[in-house]
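I opened a new notebook page for this structure. The entries below follow the order in which I looked things up.

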Amino acid sequence: MIISNYMRAEHRECDEIFAAAEKSIIEGDFEQAERQFLLFSEDTLTHFKKEEEALFPTFEEVTGNTEGPTRMMRYEHEQMRGLIGKMAEAIENQDKDAYLSIAESMMILLQQHNMKEEQMLYAMCDRAIPQDKKESVIETMKTVEL
Amino acid sequence: MFNQGGLSLDQAPPLSVVMRFFITASIFGILLGLFLFSQSLHITTLSSYSTQLITVHTLSLGVMASFMLGALFQMLPVLAGVVIKTPTTKAMMVHGLLTVGVLVQLFAFGVTSNSLLYFLASAYLGLALFYALYLMLKELIKIKTHSSSSKGISLALTMLIPTVIFGTYLLLTEGGFIHIIDFSQIKEIHYSFALLGWISLLIVSVSFQVIEMFYVTPSYPTNITKYLTLTIVLLLILKMTFILLEYPTTILTATIALLFLAYATVTIERLTQRKRPTADATVWFWLFGMALFILSMTVTLIGSFFTISSTLQHLSYIAFIGFALSIVFAMIYKIVPFLTWFHLSNQGYMEAPMMHDVIHPKKAKIHFYIHFVTIVIWLLTTDITWLGSLLITISFGWLFYNLIFAIKKYTYTQKHCEKIEW
């Protein structure tokens, strides 16, 4: 379960920063919110990159399946990248209501996406990918930068 | 396979599937308020027995079943990873049969001497609910590894089976087609399965995932997610057996009430530990709903050991209704704005309205205030009051307006906004 554990921990970290940024927005502290949001977007986008450049190709190589789960996850990543862009715009305009509104969609989409990955895709990766390859994938993911 | 899991472009049922159920439920709610209002002013003069039957079944079937089945068509792909193929046609059939069935049943309760109405009501309702059960359970039993939510939803749906069977039996008895030796026994079994099995278990199962997902809370304790729903089902089956054998059911009812009390307390605790700071109306609806569930189950617990007054009994029923409606409203104010945005966004409308543009949280807060006052008034009065009745109409009327507003936003965007072809 090393893939599941590693990736799940990253999801939880992103949730924490997301909630912190939202709190600052509600309190009207846009400077702090901007810092936290940047951290959230960097962590989230790096996580997506790790999956798209290291984990998904390994899964696809081992299973020979490029049209299934990973394709859907990539599509959802694109949707969330779009929302992150909109959230950044709302912070720049200091538009509290717009930010909270986009954050609401982002949160549901993100949680649903995480649920699918944690309950199914990561478990499938842990089962399908041989142990030595799993370790090397995690090492590769640790080096991924935005 | 993986593509069974979650909401995706080709798996999310069209918005119309959900909305037809939600709109109908709101209309039934509005009509119920108007009916009670006319009763309170003696404009209509039905017996208290007929009034009770009409009220209970408008709420349980017209309002709750419509909301719950609509939500299930939508949530099964997300929470259980199952997809009902060609959902529009199937949802239309379930919706049509259910709506006609409820209307015929209500007429039957109002015009008690007409046997044909009872027969037609049991036929329409039986067909609607068994067809919905078939569509959903057929897919749910295919799941190899169940989550706590998908297992709980399957069990809640299973509890609908005896509810419908005993309900049909009671309807046919009311219509004079069959004769039951002990009507009150069957009635108790019917409403135990309906309230504590179908309605409560569905809410419990859904909450296992959505509380954590919507509000970023710690997960429920494993003991609760693993064993609660199955234990309740076993206790309800035992209770039915005991009732039929005329054994005392005190311990069974008390245990069920205690288990639900533990669940509601944990839910409140989880909500107060949420990481998301937003205190929107949906959190209030959840907290209020759980507080009412605690009230209702506390009275049930006391009532299983001691004889309680009719006032306390009334309190328990109203609290239960308030609980179920609160959770339904909490879900609607998340589901409808999200789905409206989600569908438009997936259809390629770059200017798709965001969730707050579809139903602004302020509108949900207004609904919470109306709902709160409505339930408090009904808790404090034992008679049907014109004010309480009018508030029911206002509450559902406000929801109806919000749903129509969301549909208008959806169709406006489709007609007037630029679309990008993927």
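At what angle do helix 2 of chain B and helix 4 of chain B pack, and how far apart are their axes? I found about 15° and 12 Å for helix 2 (residues 48–80) and helix 4 (residues 115–140) of chain B. Axes are lines fitted to C-alpha atoms, for helices over the stretch in contact, and angles run from 0 to 180 degrees between N-to-C directions. Helix 2 of chain B is therefore roughly parallel to helix 4 of chain B (angles under 35 degrees count as such).

I then listed the residues in this contact (C-beta atoms, placed from the backbone, within 7 Å). Helix 2 of chain B gives L61(B), L69(B), L72(B), L76(B) and A80(B), and helix 4 of chain B gives L125(B), A132(B), M136(B) and L140(B).

A note on the model: it is predicted, local features need pLDDT of at least 70, side-chain atom pairs count only at pLDDT 80 or more, and totals for chains, interfaces and linings use all residues. Residues are numbered from 1 along each chain as its sequence is written, while chains are lettered from A and ligands numbered from 1 in the order in which they are written.

Next I looked at chain B as a whole. I found 13 helices and zero strands (DSSP runs, H or I of at least four residues for helices, E of at least two for strands, numbered from the N terminus). The C-alpha atoms of chain B fill a box of roughly 65 × 50 × 40 Å along the principal axes.

Last, I checked the interface: 24 residues of chain A are in contact with 22 residues of chain B. Helix 4 of chain A supplies the largest share of chain A's side, 15 residues.

Note on methods:
Contact = placed C-beta atoms within 7 Å. Parallel < 35°, antiparallel > 145°, perpendicular 65-115°, else oblique.
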